[in-house]
Amino acid sequence: MTALLEVESLVKHFVAERSLFGRPLAHVKAVDGVSFSLEAGKTLALVGESGCGKSTVSRLVLRLIEPDAGSIRFEGRDLLSLDANALRKFRREAQIIFQDPYASLNPRMTVGQILSEPLALHDLVPSAQRRERVAELLRLVGLEPRLARRYPHEFSGGQRQRIAIARALAVEPKLIICDEPVSALDVSIRSQILNLLRELQDRLGLAYIFVSHDLAVVKHIADHVAVMNLGQIVETAEADALFAAPSHPYSRALLSAIPVPKPQAKRSRIVLQGEIPSALNPPPGCRFHTRCPYVVERCRSEMPQLAADGIGHATACHRTSELPSSAAIVPSDGGFSPVLEKLVAAFSGGPEAVRGSGVSSLGTDPA
Amino acid sequence: MSAGPLIEITDLRIRFHGDDGRITHAVDGVDLSVANGATLGLVGESGCGKSVTSLAIMGLLPKQSAEISGAIRFDGFDLLKTPDQTLRDLRGNRLAMIFQEPMTSLNPSFTIGDQIIETILRHRGGSRKSARARAIELLRRVHIPSPERRIDEYPHKLSGGMRQRVMIAMALACDPRLLIADEPTTALDVTLQAQILELMRELKAASGAAIILITHDLGVVAEVCDEVAVMYAGEIVERAPVDELFSAPQHPYTVGLLGSIPRLDHRAEQLATIEGMVPNMAQPPAGCRFAARCPFVLEACTKAPPPLTEVSPGHLSRCIRAPLERLVS
């Protein structure tokens with residue numbers, strides 16, 4: 001089976017400084033040789049610190065910006081050779097949801113207009129039936145159809161993110177890129193959106209590229225994870241395998257630092273010393289060597305390549321085989337306490353799950 | 001630990017008068033206290049009143065539109081009745097605050113050294129030379145590399161993590177007794193967040209200052225706090241030692257919050273969600289403010305506001321159904 005999306009040796013350098021005559025003087029190496037593939041119906045998470053290139057990769061995949069080198073194949077077709085018409089057709093297949101639901105919806109359009117625009121652009125639904133389709137889309141993301149007449153400012157952050165999701169779904173895409181879709185939302189709203197994304201994936205067979213710096217969220221939603229540092233993938237693996245035993249020293253540091261909701265959680269946090277080097281002038285050799293606790297001479301001169309073990313867990317590090325065991329790196333939150341487990345189940349189960357609840361029961365306390 | 005808490009807030013009420021004549025009850029009867037050397041986590045979602053409470057402590061709310069009542073006792077003063085001149089002597093000195101946005105809370109037209117030195121000279125006096133030496137020392141304490149050089153740099157030359165460390169250095173300039181940190185790590189990457197949390201722990205151990213940490217990140221709370229107060233719609237709905245809050249919460253809202261964060265060791269297909277919306281604080285509901293979203297709701301909940309009562313020693317909940325264990329056993 002061919003993958004839905006195959007990305008190979010993708011490169012994007014931005015010009016950071018030009019001479020008086022427009023000759024480029026300095027480049028930001030935002031993406032520097034990134035390869036991955038994604039199967040239909042699966043989720044790939046891109047994680048890493050600010051400036052590691054994860055958002056640039058997601059824009060390159062949609063050809064919102066043009067790569068300098070490399071190839072992107074979607075269902076076997078070479079995306080980079082598409083002309084304007086074909087590219088427009090491709091946009092039906094892949095959509096994006098941004099971090100800030102306040103900035104990504106046009107404040108002068110009603111929700112109904114926002115949702116019918118893609119239908120009209122791609123000529124998907126005859127105009128007579130558009131209203132019906134808009135209602136259907138709103139129901140799909142858990143909003144009432146009557147809200148179609150309202151403007152974005154009348155909605156809360158979580159509801160706006162639902163509208164952004166509905167807009168992405170309007171063209172029935174196969175791939176949705178979620179760029180930090182829940183970072184701007186409150187905890188309880190965040191869980192609603194995560195649940196929704198998952199439910200939609202199951203129902204519609206969507207594939208996601210999920211860009212996030214929240215690693216607990218990534219663990220929850222992703223099938224596969226790629227860890228990026230300064231424009232390169234340093235480790236990629238099945239989510240469970242990565243969280244069980246991160247291999248690259250950078251992934252170890254990243255995963256060891258996840259704050260977990262358990263007081264006195266057992267952890268062996270690796271606090272990285274030093275600043276993140278600039279992508280303007282990445283260090284030679286391994287780009288992590290300035291902050292790596294395991295650095296040796298070879299790392300300073302020779303760039304390590306991604307090397308996979310037997311089960312598809314690939315790491316770009318010269319010392320992969322010599323590093324100490326990483327089994328206890330990811331902090332343990334021990335799940336819920338027995339009491340909390342029951343309380344959360346009752347909370348999610350609604351009034352029926354709790355003895356004596358419900359406003360109609362006239363408030364008799366069973367205990 | 002000396003007798004009595006370092007700061008004690010009683011019945012704090014803050015109302016904002018909008019231009020259209022609407023009154024919003026941002027904070028409604030908050031009681032809080034923090035002992036010397038303790039860290040209190042103030043948790044809640046956007047608009048619950050946690051940041052407004054901290055601004056009231058610092059005396060930073062606009063006098064024209066905010067109506068404040070109650071008492072905030074700190075170090076022998078009632079901060080709500082203290083004249084501005086005295087407040088200015090306290091702020092940045094014995095009371096310090098770190099804000100969420102290190103990008104916007106430093107003045108871009110002065111070097112970081114100037115900004116730290118200004119604080120020291122204002123409160124401690126002395127020569128500029130000695131203040132500069134102290135500023136370098138502070139930058140070293142927050143682990144800024146080569147502080148002698150960095151001190152003369154402008155904020156735009158520093159990364160986000162560095163700026164937040166400069167903010168912390170500035171807050172610590174006069175050895176505050178109370179440090180209020182409003183979402184100090186929210187804008188930072190995990191690795192930097194780890195560095196800043198480590199730093200706050202270190203500084204607390206060294207100086208014995210009390211900390212009020214305002215955050216919506218329960219993971220951060222679990223790591224650094226001794227006690228937690230959960231706020232919802234302007235009220236404290238639960239207050240407990242950190243271990244108890246995470247193992248046996250006594251308010252349904254806290255249960256919902258804890259259930260809605262993805263866990264590393266617990267792969268749930270569905271996360272818990274809190275249905276519905278926060279009530280409109282221009283017209284708060286008559287009964288429990290969480291009633292409309294609560295699956296444990298009873299008829300009585302919607303009739304009268306529940307009091308904050310002690311469920312077990314040191315563990316308070318504003319829920320008539322507490323202890324909640326009874327509902328599921």
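Two strands are said to pair if DSSP finds at least two bridges between them, and helices (H or I, at least four residues) and strands (E, at least two) are DSSP runs, numbered from the N terminus. With that rule, chain A holds an open sheet of eight strands with mixed pairing. This is a predicted model, in which local features need pLDDT of at least 70 and side-chain atom pairs count only at pLDDT 80 or more, while totals for chains, interfaces and linings use all residues. Residues are numbered from 1 along each chain as its sequence is written, and chains are lettered from A and ligands numbered from 1 in the order in which they are written.

**The sheet of chain A**
- The order of the strands in chain A is β6-β7-β8-β3-β9-β10-β12-β11.
- β6 (94-97) and β11 (307-308) of chain A stand at the edges with a single partner strand each, so one side of each is left without a neighbour in the sheet.
- Strand β3 (residues 43-47) of chain A runs parallel to strand β9 (residues 224-229) of chain A, and four bridges join them; A:Val47 has A:Val227 in β9(A) as its bridge partner.

**Strand pairs in chain B**
- Strand β1 (residues 7-17) and strand β4 (residues 66-74) of chain B are antiparallel and pair over eight bridges, with B:Arg13 opposite B:Ser69 in β4(B).
- β4(B) is also joined by two bridges to the antiparallel strand β5 (residues 77-78) of chain B, where B:Arg73 stands opposite B:Asp78.
- β4(B) and β5(B) form a hairpin with two residues between them, and B:Asp75 in the turn has a positive phi of about 55°.

**A helix pair in chain B**
- Helix α3 (residues 112-124) and helix α4 (residues 128-141) of chain B pack at an angle of about 115° with their axes 9 Å apart, where axes are lines fitted to C-alpha atoms, for helices over the stretch in contact, and angles run from 0 to 180 degrees between N-to-C directions.
- Residues are in contact if their C-beta atoms, placed from the backbone, lie within 7 Å, and among those of α3(B) that meet α4(B) are B:Ile116 and B:Ile120.

**Where chain A touches chain B**
- The contact takes 56 residues from chain A and 54 residues from chain B.
- The elements of chain A that give two or more residues to its side are α6 (187-204), α7 (215-221), α9 (249-256) and α11 (338-349), and α11(A) gives the most, with eight residues.

How values were computed. Two residues are in contact if their C-beta atoms, placed from the backbone, lie within 7 Å.
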